[in-house]
Amino acid sequence: MNNLEFSSYLLIVSYIAGFLGALTGLGGGVVLVPALVLLFRVDIHYAMGASLISVIATSSGAAAAFIREGYTNLRIGMFLEVGAVLGAIVGAFVAALLNAHVIAVIFGVVLLASAYLSLRRNEETESDRPSHPWAMRFSMEGVRPTLTGPRHYRVHNVPAGLGLMGLAGTLSGLLGIGSGAVKVLAMDYAMRLPYKVATTTSNFIIGITAAASAGVYFTRGYVDPGLTMPVMLGVLVGSLTGARVLGGTKSHSLRIAFSLVILALGIEMVYNGVAAAV
Amino acid sequence: MDRSLERIEARIGMTLTAGVLLAGMLVAFGGMLYLLHHAGQPVHYHIFRGEPGDLRTIGGVVHEALTLSGRGLIQLGLVALVAEQLVRVALTAWLFMVQRDRVYVWITLGILAVLAVSLFRNG
């Protein structure tokens, strides 16, 4: 395959990944790296570099629209980002110490976990218990727009959220993904934020977390311009159209289908990593 | 008070949109130049060699881009995209400053410092 053909195929696959990632809220990076490694036979380090940059582009593109809608909670975002940024730097350094097979296996396990989490998610997890003391101390409670006017929400289990954010950041730096699934888990499941607040706040900080590892990725030579160019452009345009097409509508069956794709990719990544290492 | 907050939020949104557009255009323009010269070449991304030293540092990337090399221009667009995240965090700090929320000003500036060290010491 020559460079022009390779770039064109990559552009199309990245567009689809970005489109489905935005529709389902799982993000494009989680399928991009396996697609690059398994379909295009790209070394996993280059794949992680291209994916990390695409994650930043997607987050920046989508966040602009979400802030306007009034769902994003910047206080919660910045508080949790402390854990995520530190995790991201640790993850990026650890990535350099591990060989490609080990990273592939970890990646596969994360894919399996993401698919599982996404399949078993409950829609409404809000609770009327009083907020966690840290949430009061750091004034995290917020108001979100609803059809019947603004509605106040509480914030629970902040330490668990912060811990999960550290994990999300570490995985982001280690694997070059946005870790959207773990971030939403932290805010939706642990802190019991309204789902839309959790996803939009996650989307806002994903790019910042990824930027923390980007310096290490550039220095180690993971970011190849020829490879990243079609991937970044494809994912960016794909995620913008995905967000526009179904902005807000629930796409339950689509999410299940996408989760099954992720499940299959996860099994394949684990199998490939183990087979190559033996 | 509320109107000035909305203005800053709008500015964060505008900065994000403008930054992504600028980075995307640099990458697309560099990509065209790159493919113009290298369209027929075979690709070999299956072996990791790492980028040449020039494309690993900010100074090197700017230098390459100024020679209008396709790869240099793409890389400049990618660095710009990362740098834009710092602007986003700085604007968020400003938002908290206007709200006189001292705790969050410090939290946000702390994140900004970590990002800056990570990007400029490594990049």
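The questions and answers below treat these topics in turn.

User: On what kind of model do the answers rest, and how are residues numbered?

Analyst: This is a predicted model, in which local features need pLDDT of at least 70 and side-chain atom pairs count only at pLDDT 80 or more, while totals for chains, interfaces and linings use all residues; side-chain values use heavy atoms, with hydrogens and water left out. Chains are lettered from A and ligands numbered from 1 in the order in which they are written, and residues are numbered from 1 along each chain as its sequence is written.

User: How many residues of chain A and of chain B are in contact?

Analyst: Contact here means heavy atoms within 4.5 Å. By that criterion, the residues in contact number 56 in chain A and 55 in chain B.

User: What area is buried between chain A and chain B?

Analyst: The size of an interface is often given as the accessible area lost when the parts come together. Buried area is accordingly the accessible area (1.4 Å probe) that two parts lose on being put together, summed over both. Carbon and sulfur atoms give 71% of it here, and the area between chain A and chain B is about 4700 Å².

User: How many residue pairs are in polar contact between the chains, and which helix of chain A gives the most to the side that touches chain B?

Analyst: A polar contact is a pair of N or O atoms within 3.5 Å; within protein, one must be able to donate a hydrogen and the other to accept it, and residues adjacent in sequence count only if both atoms are side-chain atoms. Between chain A and chain B there are 22 residue pairs in polar contact, both residues at pLDDT 80 or more. Helices (H or I, at least four residues) and strands (E, at least two) are DSSP runs numbered from the N terminus, and α1, α3, α4, α9 and α10 of chain A each supply at least two residues of the side touching chain B. The helix that gives the most, with 11 residues, is α3(A).

User: Which residues of the largest nonpolar core touch the most other members?

Analyst: A nonpolar core is a set of buried Ala, Val, Leu, Ile, Met, Phe, Trp, Tyr and Cys residues joined through side-chain atoms within 4.5 Å. Buried means under 20% relative accessible area, exposed over 50%, and partly exposed in between (1.4 Å probe, protein chains only). Of the 109 residues in the largest core, those touching the most other members are Val42(A), Met140(A), Met191(A), Phe204(A) and Met232(A).

User: Which residues of chain B does Met232(A) touch?

Analyst: Residues up to four places away in sequence are not counted. Within chain A, Met232(A) touches Ile53(A), Ser54(A) and Ala57(A). In chain B, the residues touched are Ala23(B), Gly24(B), Val27(B), Leu78(B) and Leu81(B).

User: Why does the salt bridge of Arg75(A) and Asp101(B) join two chains, and what is its N to O distance?

Analyst: A salt bridge is a side-chain nitrogen of Lys or Arg within 4 Å of a carboxyl oxygen of Asp or Glu. Arg75(A) lies in helix α4 of chain A and Asp101(B) in the loop between α3 and α4 of chain B, so the pair joins two chains. Both Arg75(A) and Asp101(B) are buried. The N to O distance is 2.8 Å.

User: Which residues do salt bridges that share partners join into one network?

Analyst: Arg71(B) forms a salt bridge with Asp224(A), the closest N and O atoms being 3.4 Å apart, and the side chains of Arg71(B) and Glu51(B) meet in another at 2.8 Å. Arg71(B) is partly exposed at 22% relative accessibility, whereas Asp224(A) is buried at 5% and Glu51(B) is buried at 4%. The network consists of Asp224(A), Glu51(B) and Arg71(B).

User: Is Gln75(B) buried or exposed?

Analyst: Gln75(B) lies in helix α3 of chain B. Among the residues that Gln75(B) touches are Phe218(A), Asp224(A) and Leu55(B). At 0% relative accessibility, Gln75(B) counts as buried.

User: What is the phi of Arg100(B)?

Analyst: Arg100(B) is found in the loop between α3 and α4 of chain B and counts as exposed at 75% relative accessibility. Its phi is positive in a residue other than glycine, with a value near 55°.
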